[in-house]
Amino acid sequence: AGLPFELGPVQAADPDRPWRIAPGDWRTRMLAPFDPLQRESVAAIPFRRRRAAGALDPVAQLLLAFDDGAPALAAREWPGGGRLVVAAFGAGHEAGDLVRHGFFVALLHRAVEDWRPGLRRRESLFAGQPLVFTTPRAFDPAGATPQLLGPDGHPAGEARVTVHRRDLTVRLDAAPATGFYDVVQDGRLLGRAAVNLDPRESDLERMDEAELLAALAETGAAGVRWHDAGADPERGLDGRGRPLWGWAVALAIGLLGVEMALLGRWRR
C-alpha cells in the first residue's frame, strides 16, 4: 500500500526481444538534467528480467515505461514531505546491461539532488506562531470549499485560503496547538502541515538574568521574583534541602570497612 505501483513476480523476456525503455517523461524535475544523448543511451539498454507491475496509482507520476507500456519507474510524493520512487527493473547482471551504463548511478544522484533543495527550503512550523503552507495537490474548482482542520479534527475558522493557479495557500495567524493541520475538500486530503513545539522549550542552556527577564516579559508574565543563590550559598534555594555529600562519603567508607572485615574473617 502506498507504492506508485505494486510489484509482482519476476518476468523473463524473450531472449531475442529484450525489453527497452520507451521515451519517458524527461520534463520532470528528476529526469530533466539528462541530455538527449543520455536519453538515447538509456533507450538502448536491454532488459532481460523485470518485475511485473500493477496499475499506476492515480496520484503517482510515471517517469519511465518499457516499450510494451508497462511501468518501469514511477514516483509518489506525500503531503507534508516524503517521496517514494519504485523501479520495476534491477541493477544486477542477470536483469540486463544496466550495470554497464552510468544511468542508474546518475539517476540515484539526481533523485537526491532533486529532493535536498526542497528539504532545505522547508521551514519548521511551531505552535503559537503563524502557519503558512501551500497544498501539494490540486483542488477541484467545482467542488466544495476547502477547509483547514486542526489537530482536533474541527475546522479552523480563522484560516484564510488563497487560490494560486490550482494550488492553495493556507494562512493562520497563529497555530493554537501542536499536531497535524489538514486541508481537505470533499473528504480528500489536499495538504498537511506538521506543527511542533519550539525547540527552545527544551533548551536547558543557562540563561542570564537579563535574557531570562526579557523572555518572561515577552510572554506577559507579571510578578516575577529573581533569587540569586550565589549571593547566599548557605540558604541555597530558599533554605530548602540539605547537602548530603558528607553523609554519602561516610556511608561509603563504612561499607568498605565492613567488606574488609568480612573478607579478613572468611580467609581464616
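**Figure 1. Strands E3 and E4 pair in an antiparallel way.** Four bridges connect E3 with strand E4, residues 71–77. Strands here are DSSP runs of E with at least two residues, helices are runs of H or I with at least four, and both are numbered from the N terminus. Two strands count as paired if DSSP finds at least two bridges between them. Across this pairing, Leu-64 has Leu-73 of E4 as its bridge partner. This is a predicted model, in which local features need pLDDT of at least 70 and side-chain atom pairs count only at pLDDT 80 or more, while totals for chains, interfaces and linings use all residues. Residues are numbered from 1 along each chain as its sequence is written, and side-chain values use heavy atoms, with hydrogens and water left out.

**Figure 2. Three strands form an open sheet in the order E3-E4-E5.** The pairing is antiparallel. Strand E3 (61–65) and strand E5 (83–87) are the edge strands, each pairing on one side only. On average, neighbouring strands of this sheet are turned by 15° against each other, direction ignored. Axes for such angles are lines fitted to C-alpha atoms, for helices over the stretch in contact, and angles run from 0 to 180 degrees between N-to-C directions.

**Figure 3. The largest nonpolar core holds 26 residues.** Such a core is a set of buried Ala, Val, Leu, Ile, Met, Phe, Trp, Tyr and Cys residues joined through side-chain atoms within 4.5 Å. Buried means under 20% relative accessible area, exposed means over 50%, and partly exposed lies in between (1.4 Å probe, protein chains only). Phe-47, Leu-64, Phe-66 and Phe-103 have the most contacts inside this core. Two or more residues each come from E3, E4 and helix H2 (103–121), and E4 gives the largest share, four residues. Apart from this core lies another, of 15 residues, among them Phe-133, Ala-159, Tyr-181 and Val-183.

**Figure 4. Let's look around Phe-47.** Which residues does Phe-47 contact, leaving aside neighbours within four places in sequence? They are Ala-13, Pro-18, Trp-19, Arg-20, Ile-21, Phe-66, Phe-89, Ala-95, Gly-96 and Leu-98. Contact means heavy atoms within 4.5 Å.

**Figure 5. Asp-182 sits in strand E11, residues 179–185.** Is Asp-182 buried or exposed? Asp-182 counts as buried because its relative accessible area is 16%. The Asp-182 side chain makes a polar contact with the side chain of Arg-192, at 2.6 Å. A polar contact is a pair of N or O atoms within 3.5 Å; within protein, one must be able to donate a hydrogen and the other to accept it, and residues adjacent in sequence count only if both atoms are side-chain atoms. Beyond neighbours within four places in sequence, Asp-182 is in contact with Gln-147, Leu-148, Leu-149, Leu-189, Gly-191 and Arg-192.

**Figure 6. Strand E10 (residues 167–172) pairs with strand E7 (residues 131–134) and with strand E9 (residues 160–164).** E7 and E10 run antiparallel and share four bridges, with Leu-131 partnered by Leu-172 in E10. Five bridges link E9 to E10, also antiparallel, and here His-164 stands opposite Asp-167.

**Figure 7. Ala-53 belongs to strand E2, residues 49–56.** Ala-53 counts as partly exposed because its relative accessibility is 30%. Setting aside neighbours within four places in sequence, Ala-53 is in contact with Phe-5, Glu-6 and Pro-71. Ala-53 and Val-10 lie 43 residues apart in sequence, with 9.7 Å between their C-alpha atoms.
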